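Please look over the sequence and the model shown here before reading on. The report below goes through the sheets, the core, the ligand shell and a few backbone details.

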Amino acid sequence: MSKPIKAIIVGAGHRALIYASYALERPDKLQIVGVADPIESRRKKAQEIHKFPDHMMFTSAEELASKGKLADAVINGTMDNQHVETTLPLLEAGYDVLLEKPFAVNEEEMWELYEAAKKYKRTICICHVLRFAPFYSEIKQRILNNEIGDIINIQLTEHVNYHHLAVSYITGKWGNEEECGTTMLMAKCCHDMDIMVWLMNHTRPKYVSSFGSDFQFDESKKPQGAGTRCMVDCEIEEECLYSAKKLYIDHPDRWSFYVWDELEDSGAPLTIENKIKSLKTDNRHGRCVWDCNHTVVDHQSVLVEFEDGSTGTLNMIGGSSKEDRTIHIIGTTGEIEGVLGESKYVVRKIDPRPGHEYSEEEYTLDVDGDASGVNGTHGGGDLRLVADFVDLLSGETPSVSTTSIEDSIMGHHLVFKADEARVNRQVVEIDTKDL
Ligand SMILES: NC(=O)c1ccc[n+]([C@@H]2O[C@H](COP(=O)([O-])OP(=O)(O)OC[C@H]3O[C@@H](n4cnc5c(N)ncnc54)[C@H](O)[C@@H]3O)[C@@H](O)[C@H]2O)c1
């Protein structure tokens, strides 16, 4: 049996600790041997969980890289606009990398990272966790088995519910493009665009158009009487669906890893009194949703034409009552239709026999954890992705879902072009010669 892969956490935030937890489930496969993070309490938390010595704690990716190669790989869970700058020195130091999405926030750095991985001959896998959700990997396998013929059209929808939208894309870390470096389409839907191009196998996208806007939370829509902080100066707090009190005090465990992270880092106990005080003073989630420097869209539609004339759409709508993702793929001999949150899909096939129209088979998946992804497991994809990364580094054949940096470029490229199309109100041609 091969030895476990040794990995160091870079950016010991919410996401990296989820991936690292695979080491607790399968110590025979993965061992976490260190951490790099500027926040001391986060380094200590990682150390408490994974029990590595003090000399394996570093204050940044850059400091870790300066020490040479101390493990096989790193799990890079820093924020979006830090992915490339933190990964480059680690590649040079000799590490393979499990890197959070989006792996780059513009075309230039996307290619820079790709070239660096080639130059240093390192493996980078991107955390496109949905590919590993049994829901999507089974659908991919059925397409590869040619069960529905050639794909004519793929329809994807993503409904981001109101509290998810608020905590991540309005008052949260991805609400302002300048701050986080990413658009809503990149931050939320690079998964979906990745799924679309992945399911199309090697048929490349050729043209893209896109529309979207900040329909609900533009400052001009601020209701009369709304203040600057929900629990301080708002006259309409009682009727507001987005009141911080309703979102985070009446539901104290909801998105706690986002809402209370700064309070936690400060060492203050997470009492209700401290939570209320934080929302009333410096907590970003205590701000009015119409007065928080929000710049990203709350809904966006993308329409893609592929080189063989097939088409695909993605409709992302933020602020829905229920969170979910759906898929409907129509091929020349059949179709696949499913709902991620129900972990169910059907395969229909044209049945031309007299008295018949089509056959239909329903598949329900046995997914451990939360199938919808609302609580962070992404349809069971999170730890399956880590297992795949570890297997790949141990010399096993890549799986159907493996998301190397090469595999991930097309989806990211499509997102950059879709946003260009939205902003300039144009149809943008995808120049695929480099991909
Ligand atoms: N795959 C998914 O479905 C998915 C879901 C949610 C978030 N994400 C992505 O995961 C990433 C991390 O999100 P998060 O909420 O866990 O972030 P986070 O803010 O909780 O964690 C980031 C950590 O990086 C640390 N850090 C900052 N600079 C550093 C440096 N130079 N070297 C080392 N560490 C440094 C921070 O102190 C922090 O602890 C984001 O890019 C986000 O878009 C992915």
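## The parallel sheet

Strand β5, residues 96-99, pairs with β6 in the parallel sense over three bridges, where two strands count as paired if DSSP finds at least two bridges between them, and where strands (E, at least two residues) and helices (H or I, at least four) are DSSP runs numbered from the N terminus. Valine 97 has isoleucine 124 as its bridge partner in β6. Helix α5 (residues 83-93) packs on the sheet, where it touches β1 (5-10), β4 (73-76) and β5, and its direction makes about 165° with that of β5; contact here means C-beta atoms, placed from the backbone, within 7 Å of each other, and such angles run from 0 to 180 degrees between the N-to-C directions of axes fitted to C-alpha atoms, for helices over the stretch in contact.

The open sheet to which these strands belong has six strands in the order β3-β2-β1-β4-β5-β6, with parallel pairing. Its edge strands, each pairing on one side only, are β3 (57-58) and β6 (124-126).

This is a predicted model, in which local features need pLDDT of at least 70 and side-chain atom pairs count only at pLDDT 80 or more, while totals for chains, interfaces and linings use all residues. Residues are numbered from 1 along each chain as its sequence is written.

## The mixed sheet

A second open sheet consists of nine strands in the order β14-β13-β12-β11-β7-β10-β9-β8-β15, and its pairing is mixed. At its edges stand β14 (358-364) and β15 (428-429), each of which pairs on one side only. Helix α8 (residues 162-170) packs on this sheet, touching β7 (151-161) and β10 (311-320), with its direction at about 80° to that of β7.

Strand β13 (residues 344-350) pairs with β14 in the antiparallel sense over seven bridges, and lysine 349 has serine 359 as its bridge partner in β14, while tyrosine 345 has tyrosine 363. Strand β12 (residues 334-339) also pairs with β13 in the antiparallel sense, over six bridges, with glutamate 337 opposite valine 346. The hairpin of β12 and β13 has four residues between the strands, and there serine 343 takes a positive phi near 55°.

## Core and ligand shell

The largest nonpolar core has 124 residues, of which Ile9, Leu98 and Met196 touch the most other members; a core of this kind is a set of buried Ala, Val, Leu, Ile, Met, Phe, Trp, Tyr and Cys residues joined through C-beta atoms within 7 Å, and a residue is buried if 20 or more other C-beta atoms lie within 10 Å of its own, exposed if 12 or fewer, and partly exposed in between. Helix α10 (residues 184-199) provides the largest share of this core, 12 residues.

Around the ligand there are 25 residues, and the closest are Gly11, Gly13, His14, Arg15 and Ala61, a residue being near if its C-beta atom, placed from the backbone, lies within 6 Å.

## Backbone details

Most residues other than glycine have a negative phi, and most peptide bonds are trans. The peptide bond from lysine 101 to proline 102 is cis, with omega near -15°, and proline 102 is found in the loop between β5 and α6 (107-120).

Lysine 121 has a positive phi of about 55°; this residue is exposed, with 8 other C-beta atoms within 10 Å. Asparagine 293, in the loop between α15 (272-280) and β9 (299-306), has a positive phi near 60°.

How values were computed
Contact = placed C-beta atoms within 7 Å.
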